[in-house]
Amino acid sequence: NIGTKITKGTVEILKDEKILKVGDKVGNSEAALLQMLGIKPFFYGLTIEKVYDNGSVYGAEVLSLTDEDLAAKFQAGVANLTAFSLGLGYTTKASFPHVVTNAFKNLLALSISTDYVF
């Protein structure tokens, strides 16, 4: 049903026609027509779904992580470690500045309540 005419021994299509859309299966007649026109409507490629590394399997999104993403994840981990160790009352390198600050706040509150100047 495509309007054509023969000019100087070649087939000429009169107007643009859509015969396929993205995702459609190519039938025999469409494949024959496209082959005659020298059109290859196929795209081949790989889509990564999982990444295997040293016995661990990760999602494909790990391939698009930037240095800033890794730094943010590391900082979030340190913050969680600090909160956990403060909650337990166990001093670590990450929680030490907070312990000192809290101790100073306690001393300041005590000195204010007792009118002691230091």
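Visitor: Which helix does Ser111 lie in?

Guide: Ser111 lies in helix α3. Helices here are DSSP runs of H or I with at least four residues, strands are runs of E with at least two, and both are numbered from the N terminus. This is a predicted model, where local features need pLDDT of at least 70, side-chain atom pairs count only at pLDDT 80 or more, and totals for chains, interfaces and linings use all residues. Residues are numbered from 1 along each chain as its sequence is written, and side-chain values use heavy atoms, with hydrogens and water left out.

Visitor: Why is Ser111 called buried?

Guide: Buried means under 20% relative accessible area, exposed means over 50%, and partly exposed is in between (1.4 Å probe, protein chains only). Ser111 has 8% relative accessibility, so Ser111 counts as buried.

Visitor: What does the side chain of Ser111 reach?

Guide: The side chain of Ser111 reaches the backbone oxygen of Leu108 at 2.9 Å. A polar contact is a pair of N or O atoms within 3.5 Å; within protein, one must be able to donate a hydrogen and the other to accept it, and residues adjacent in sequence count only if both atoms are side-chain atoms.

Visitor: How do you know that the span of α3 agrees with its 19 residues?

Guide: The expected span is 1.5 Å times one less than the number of residues. For α3 that gives 27 Å, and the end C-alpha atoms are 27 Å apart, so the two agree.

Visitor: What about α2, with its 22 residues?

Guide: Helix α2 covers residues 67-88 and should span 32 Å. Its end C-alpha atoms are 32 Å apart, so this agrees.

Visitor: What makes the phi of Lys8 worth a remark?

Guide: Most residues other than glycine have a negative phi. Lys8 is not glycine, yet its phi is positive, near 50°. Lys8 sits in the loop between β1 (4-7) and β2 (10-13). With 86% relative accessibility, Lys8 counts as exposed.

Visitor: Where is Asn54, and what is its phi?

Guide: Asn54 is in the loop between β3 (50-53) and β4 (56-59). Its phi is positive, near 50°. The relative accessible area of Asn54 is 75%, so Asn54 is exposed.

Visitor: Why is Glu12 called partly exposed?

Guide: Glu12 has 35% relative accessibility, which falls in the partly exposed class. Glu12 lies in strand β2. Its side chain makes a polar contact with the side chain of Thr7, at 3.4 Å. Leaving aside neighbours within four places in sequence, Glu12 is in contact (heavy atoms within 4.5 Å) with Gly3, Thr4, Lys5 and Thr7.

Visitor: Is Ser95 buried or exposed?

Guide: Ser95 has 0% relative accessibility, so Ser95 counts as buried. Ser95 lies in the loop between α2 and α3 (96-114). A polar atom of its side chain is 2.9 Å from the backbone nitrogen of Thr92. Beyond neighbours within four places in sequence, Ser95 is in contact with Thr82, Ser85, Leu86 and Tyr90.

Visitor: Which residues make the nonpolar surface patch?

Guide: Ile48, Tyr58, Val62, Leu63, Leu65 and Leu70 make the patch, of about 530 Å². Patch residues have over 30% relative accessible area and no salt bridge; like charges are joined within 9 Å, nonpolar side chains (Val, Leu, Ile, Met, Phe, Trp, Tyr) within 5 Å. A salt bridge is a side-chain nitrogen of Lys or Arg within 4 Å of a carboxyl oxygen of Asp or Glu. Ile48 lies in the loop between α1 (28-37) and β3. With a relative accessible area of 51%, Ile48 is exposed.

Methods. Accessible areas come from the Shrake-Rupley method with a 1.4 Å probe; for residues, only the protein chains shown count as cover.
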